[in-house]
Amino acid sequence: MSTTTAKGIIDIHCHTAGIGAGNSGCFISPAMRRSWRYRVFLKAFGVTEQELLSEGDGLVMRRTAESLALSQRVTAAVILAMDGAVDDKGELDRSQTEMFIPNEFVAAETAKYPNLLFGASINPLRRDALERLEWAAAHGAVLVKWLPSIQHFDPADRRLVPFYEKLRELGLPLLTHTGSEKSFTATRNELADPERLRLPLSLGVTVIAAHAASNGRNQGESNHRRFLRLCGEHQNLYADISALTQLNRLTHLQRLLKHPELFGRLLYGTDMPIPNTAAVTPLGFPNRLTPRRMLQIAGIANPWDQDVALKEALGVPEQIFFDANSIIRL
């Protein structure tokens with residue numbers, strides 16, 4: 001880890017994608033390939049299907065690294081692998097998996113670029129989950145990412161205790177999706193209820209609630225309220241502010257920033273490539289920003305620089321942009 005990266009802004013929530021080109025091991029389900037989301041994501045990543053077939057799935061990370069290198073504000077980004085659902089034998093179940101991005105692929109590709117960091121993903125119900133976790137740590141993983149809604153496991157399942165204990169032992173934080181998920185064709189949103197994180201929190205795992213549980217409801221209560229209650233009870237619960245400037249979440253960042261007691265526990269993330277889509281625009285905040293300020297931010301060409309400028313304009317304190325440096329496993 002270079003001194004520059006260690007001191008700069010790190011985006012802890014950045015996605016990649018692949019279709020299996022170049023022997024990457026990635027795959028996308030037929031349902032996802034047929035969905036309008038597939039075309040939107042390709043465009044947002046700045047690639048075409050033909051380019052991937054010709055140059056391999058690693059092209060997505062190369063384009064990400066090149067764009068990030070032009071940023072004047074953000075030094076590095078954590079690229080997230082995506083494990084799939086597993087069957088009753090603890091093996092990958094392709095029929096139930098919407099998207100699969102192997103750890104081996106992400107670890108190898110991020111190692112090529114000084115501004116990309118490896119974010120591992122391991123379904124804890126895998127037969128060899130603990131071995132995979134140790135492999136990820138040995139190959140430079142800075143965190144572990146979950147999306148229980150599509151990986152089909154319950155974070156409150158006590159069978160996961162050994163996995164949580166290993167996470168704590170290795171010093172790897174757990175970045176796990178909280179709130180509703182609409183980027184995939186089929187989800188079980190009850191599995192992203194922040195209340196289900198009590199088990200890892202009670203075992204001392206550093207947990208980062210992706211998107212700060214900003215949307216959706218469980219048991220008749222907003223996930224946001226459930227997240228705030230957990231924060232009051234567990235000092236090892238953090239959250240990232242990724243996706244909170246999307247048009248379908250316009251009030252969510254403002255609502256979160258009304259809790260200054262959380263400022264030391266909020267971490268910077270973008271949810272790239274979502275900022276490269278119509279879901280995010282600086283022009284969506286006329287109630288918070290002047291027309292001149294919105295146009296000024298919209299004129300910033302680099303997506304990371306634009307994201308930082310927008311969040312600064314909306315009141316995100318400076319410390320939040322840098323706090324990830326002391327939380328993720330650098």
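This is a predicted model: local features need pLDDT of at least 70, side-chain atom pairs count only at pLDDT 80 or more; totals for chains, interfaces and linings use all residues.
User: Ok, and is C14 buried or exposed?
Analyst: C14 is buried, because its relative accessibility is 1% and the cut-off for buried is under 20%.

User: What about C231?
Analyst: C231 is buried too, at 4% relative accessibility.

User: Back to C14, what's its bridge partner in strand 3?
Analyst: That's I79. Strand 1 (residues 9–15) and strand 3 run parallel, with five bridges joining them.

User: Which residue in strand 5 does I79 pair with?
Analyst: F118 is the bridge partner of I79 there. Strand 5 covers residues 116–120 and is joined to strand 3 by four bridges, again in parallel.

User: Why is strand 3 described as largely enclosed?
Analyst: Strand 3 spans residues 74–80, and six of its seven residues are buried, so the rest of the structure largely encloses it.

User: Switching topic: which residues have the most contacts inside the largest nonpolar core?
Analyst: Y164, L167 and F227, in a core of 74 residues.

User: What does F227 touch?
Analyst: Leaving out residues up to four places away in sequence, its contacts include P194, A209, L237, Y238, L256 and L262. Apart from that core there is another one of 16 residues, with L117, V142, A324 and I327 among them.

Definitions and conventions
Residues are numbered from 1 along each chain as its sequence is written. Side-chain values use heavy atoms; hydrogens and water are left out. Buried means under 20% relative accessible area, exposed over 50%, partly exposed in between (1.4 Å probe, protein chains only). Helices (H or I, at least four residues) and strands (E, at least two) are DSSP runs, numbered from the N terminus. Two strands pair if DSSP finds at least two bridges between them. A nonpolar core is a set of buried Ala, Val, Leu, Ile, Met, Phe, Trp, Tyr and Cys residues joined through side-chain atoms within 4.5 Å. Contact means heavy atoms within 4.5 Å.
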